[in-house]
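Please go through the arrangement of helices, sheets and domains in the model below.

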Protein chains: 2
Amino acid sequence: MSHATSPLARPFPAIPPIDGVTLHVARAGYKDWGRCDLTYVELAEGTAVAGVFTRNVCCSSEVELGRDNVRQGQARALVVNAGNSNAFTGYRGREAVEAIMDQVAAHLGCPREQVFVSSTGVIGVPLPKDKARAGIEAALKTVPCTWEDAAETIGTTDTFAKGALATAMVDGKTVTLAAIIKGSGMIAPDMATMLGYVFTDCAIAPAFLQQLLSAASDRSFNCITVDSDTSTSDTVLAFATGKAGNTELSRFDSPGADAFAAALNDVCHQLAHLVVRDGEGASKFIAVTVTGAASDDSARKVGLAIANSPLVKTATAGEDANWGRVVMAVGKAGEPADRDRLSIGFGGTWCAREGLPLADYDEAPVAAHLKGQDITIEVDLGLGEGRATVWTCDLTHGYISINADYRS
Amino acid sequence: MSHATSPLARPFPAIPPIDGVTLHVARAGYKDWGRCDLTYVELAEGTAVAGVFTRNVCCSSEVELGRDNVRQGQARALVVNAGNSNAFTGYRGREAVEAIMDQVAAHLGCPREQVFVSSTGVIGVPLPKDKARAGIEAALKTVPCTWEDAAETIGTTDTFAKGALATAMVDGKTVTLAAIIKGSGMIAPDMATMLGYVFTDCAIAPAFLQQLLSAASDRSFNCITVDSDTSTSDTVLAFATGKAGNTELSRFDSPGADAFAAALNDVCHQLAHLVVRDGEGASKFIAVTVTGAASDDSARKVGLAIANSPLVKTATAGEDANWGRVVMAVGKAGEPADRDRLSIGFGGTWCAREGLPLADYDEAPVAAHLKGQDITIEVDLGLGEGRATVWTCDLTHGYISINADYRS
C-alpha cells in the first residue's frame, strides 16, 4: 500500500466468523514485497456459489474458468492471488489457474470445478506456478486468520482494508453475511481490478443466490465508476455454507427471502461504496441521483454519463457548482432528455429548473455543501418515473500522480 | 487566453483572401475583457452552405436554428460570439439569436435563414441582445481583417490561433479552401466547444457540399477526443462562394470533385488535429491506429475507447509503455475482439502479438518513442479488414489545474 490512506476511508467493521468458512493467508511472493499475497478460503461441503464477472472481452483465464464453473453451483474453496493478475498470458496463464484448481481439489477431495481462483496485479506475466503451489501449501499449514487479514491480503494498491457485515432473520434463524473487497487503486502496469466476496451461513439454492446476486450487483457494483475503465479481472462471488440451519431459500416466496435479499443488497452496497472511497486520488464521494427518466435503466445511463464526465469530476474537486457541465453530460448520454424540462441541483438545492437557471438561485448553501466530503448531485429529467443513483469520486491531481508520475 | 501556449501549438499558416468572403471583428464586450469577441463574415450572394452539429440533445438555440437553416443551402453571413455560449437559456436565448439574424438580414436584404450564428463561452446566461446589436454595428464599420484576426476572435480559452489552408485543381481552376477553428480549451463555467468554419471559392451544389462535409467530418472531427465530453454547441460549417469560376460540382463524377473532396478532407484533418494540439493540459499528441477490426466503424469505436481511457492517457503522460491498459480499453469497447489475436505496439514496435507479450520485446525503442511529443499506438485485432485512426492528447496535471483548481 504505497499511497497514503484515502481521506474517504472507513474503519474495518467487527465481523464475526461464518460457520463453514475458514480463512488463511500466506506469502507466495508474487512480488518482491514483505506481505502476505495469497488468500485461501476453505468452504464447508454443500456450499452454494454464485458469481458476476467483468464484461471485458479481454478477460483473464480466472474469469473464464470462474464463469464456467459457477454454473454447477457448488464451491469448496477460493484462492486469491495478489500481485499478478495473470491477464493476457495466453495458455500459460490458463495452465497456472488449472494447476491451482487441481492442487486444492486433490487436497480437499472435491471436483476441481468447485475451486475458484482470482488474481489481481501485474498483467502480461503468467502466474508463476511454483510460487502458487508453495503459497497454497504454506497457507494450509497456517492457523485461520481474521476477515481483516484476508481483506488486506487480497488488496494490491488499496489504501485501506474494506469489509462489510449484515444480518437477516430467515425462517427464525439469524443469518450473517460477511464480505470483503479490493479495488480500485492501481499502479502501472497493474490493472485496476475489483474483487469482491460475500460469505454467508444462510442455506440458499445456488440458482436463487445467483438471481439475488445479479440483482444486487446491478444496483451496487454496476452503479459505481472511478474512471470509466473496466478491468479484465473484475469478479464478485457469493458463497453460502448453509450452516445457519434455516430451511433452504429457493425462491422469492420462501420465508425470509426478502430479508436475505435486503441484507445481500446492503453488503453489496457497502462494498461498492468502499471501492469508490478508495478511488485513486479521491477527495470527495459523489452520489448522482437521476429522477424523472424514461426508465430506471435510462436513469442509470444518464447518471453514469455524469459520473464519468472528467469535467463534472474536476469541477467537484474544485468545489465548483458547475451545473452547466452536468447539463452537458446529460445531453451526451444518448438517452431521452429534454433541455427545457431539465432540473439540476447540488446537496438538495436546485440551481436550474425546467431548462432555466433559477432567478432566485442562492449559491451559498450549494457552495457550503460542495466544501464537504460527501457530495450529492440531483438531476430531474421531467420525463417519466425512471430513477437511479450512481456513485463516483472526484478527479484530482492525486489520480494523475498515481497513474502518470512515474515509469513502471 | 489565460493559459500558457500549448507545447503542441502550430504557427498560423499564411492564408490568402477567398473571393466572396469578407471578415470583420469587433468588441461586443460579452465579458469584461479587452479583446474583440464578435466575428462577422459577409458572404457573396449565391454562397452554398453545409454544416455538421453536435449530437448533444441539450444543444443551444444556435445549433437548433443552424441545423434547420442549413437545409435551404444558401448563406450570406456568419456571426460568431465569443464569451457567452447562450446555451441552456430557454426562449430568451432563442430570441437573442433571432434578433441577430434579423439585424444582419435587414442589412444585407436577404432571408434571415441565410444568416448563421454561433456562440461559445459561459452557459446559462442569455446572450445580451444590446451588446450583440452594438457589436454587429461596430463590425460593419470596420475594415476587413485577416484570417488570423478572425481565428483569434472566435477563440475563448484557446492558447493559440488555429487555421488551415488547402487548394485543389477543379475544372482547370485553382480553388482555395481557408479554414479556422476554435477549441477545446475551457474554463468553468464555460463549456468546451469546437467551432470550425471552412470557406472556399469553389462552385459546388449545397447538397453535394453537405455530403462531402459529413464524410470529411466522420474521418476528422468525429475521430478526435480530448476528454470524452461533448459540447452543447459544437458546429462545423462550410461556405462555398463559387467565385473560382469552375463548373459547379454537384456529384462525385463532376470533373475535379475528387480533388475538391481530398482538399476538404485535408483541411478538416488539419483543423481536427489543431484542436487536439490545444487540448487542455496536453503535452503529447497521440494517434491511435486500429487495424484488423470487423469494420471501419468498429475500428473507430475501439480507437475511441483507447483514446478516451484515462488510464491510457495518464500512462502516455508518464511515458510508460503500458500495453496492458490498451488491452483493457480494447476489451471494454463493446466491439468484436479476441484476446488471443490481439497485437499492441507503440511507435511501430510491437510489444505483444496475438495475445502474448513478445518474448524478445525490446523496450528501448518504445521508451525512446514515448519521450517524444508525437506518439503512435498501434492495435491489430486480427479479425477483419476494418481500420481507423483516432487522435487525442495525454491527461496531465494541467488538465486538472485548468478544470478544478479554482472556483468560478
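In this predicted model, helix H5 (residues 206–218) of chain B and helix H6 (residues 257–277) of chain B have axes that come within 9 Å and cross at roughly 45°, and H5(B) and H6(B) are therefore oblique to each other. Angles under 35 degrees count as roughly parallel, over 145 as roughly antiparallel, 65 to 115 as roughly perpendicular and the rest as oblique. The axes are lines fitted to C-alpha atoms, for helices over the stretch in contact, and the angles run from 0 to 180 degrees between N-to-C directions. Helices (H or I, at least four residues) and strands (E, at least two) are DSSP runs, numbered from the N terminus.

**Conventions of the model**

- The model is predicted, and local features need pLDDT of at least 70, side-chain atom pairs count only at pLDDT 80 or more, while totals for chains, interfaces and linings use all residues.
- Residues are numbered from 1 along each chain as its sequence is written, while chains are lettered from A and ligands numbered from 1 in the order in which they are written.

**Helix pairs of chain B**

- The crossing of H5(B) and H6(B) is right-handed, a crossing being left-handed if the near helix is turned anticlockwise from the far one by less than a right angle, and right-handed if clockwise.
- Leu212(B), Leu213(B), Ala216(B) and Ser217(B) of H5(B) make this contact with Ala261(B), Leu264(B), Asn265(B) and Cys268(B) of H6(B), where two residues are in contact if their C-beta atoms, placed from the backbone, lie within 7 Å.
- By class, the residues of the H5(B)–H6(B) contact are 6 nonpolar, 2 polar and no charged; Ala, Val, Leu, Ile, Met, Phe, Trp, Tyr, Cys and Pro count as nonpolar, Asp, Glu, Lys and Arg as charged, and the others, Gly among them, as polar.
- Helix H2 (residues 90–108) of chain B packs with helix H3 (residues 129–140) of chain B at an angle of about 25°, their axes being 10 Å apart, and the two are therefore roughly parallel to each other.
- H2(B) also passes H3(B) in a right-handed crossing, and the residues that make the contact include Ala96(B) and His107(B) of H2(B) and Lys129(B) and Leu140(B) of H3(B).
- The contact of H2(B) with H3(B) has 7 nonpolar, 2 polar and 2 charged residues.

**Sheets of chain B**

- An open sheet of 4 strands, with mixed pairing, has the order E1-E2-E4-E5; strand E1 (21–26) and strand E5 (115–122) stand at its edges, each with a single partner strand, so one side of each is left without a neighbour in the sheet.
- Strand E2 (residues 38–43) and strand E4 (residues 77–84) pair in the antiparallel sense over 5 bridges, where pairing requires that DSSP finds at least two bridges between the strands.
- H2(B) lies across E4 and E5 of chain B, running at about 140° to E5(B).
- An open sheet of 6 strands, also with mixed pairing, has the order E13-E12-E11-E14-E10-E15.
- H6(B) lies across strand E10 (285–293) and E15 of chain B, at about 40° to E15(B), whereas helix H7 (residues 296–308) lies across E10, strand E14 (374–380) and E15, at about 25° to E15(B).

**Domains of chain A**

- The domain assignment, which is automatic or from a database, gives domain 1 (21–277) and domain 2 (285–404) of chain A, and 33 Å separate their centres, taken over C-alpha atoms.
- In chain A, 11 residues of domain 1 are in contact with 13 residues of domain 2.
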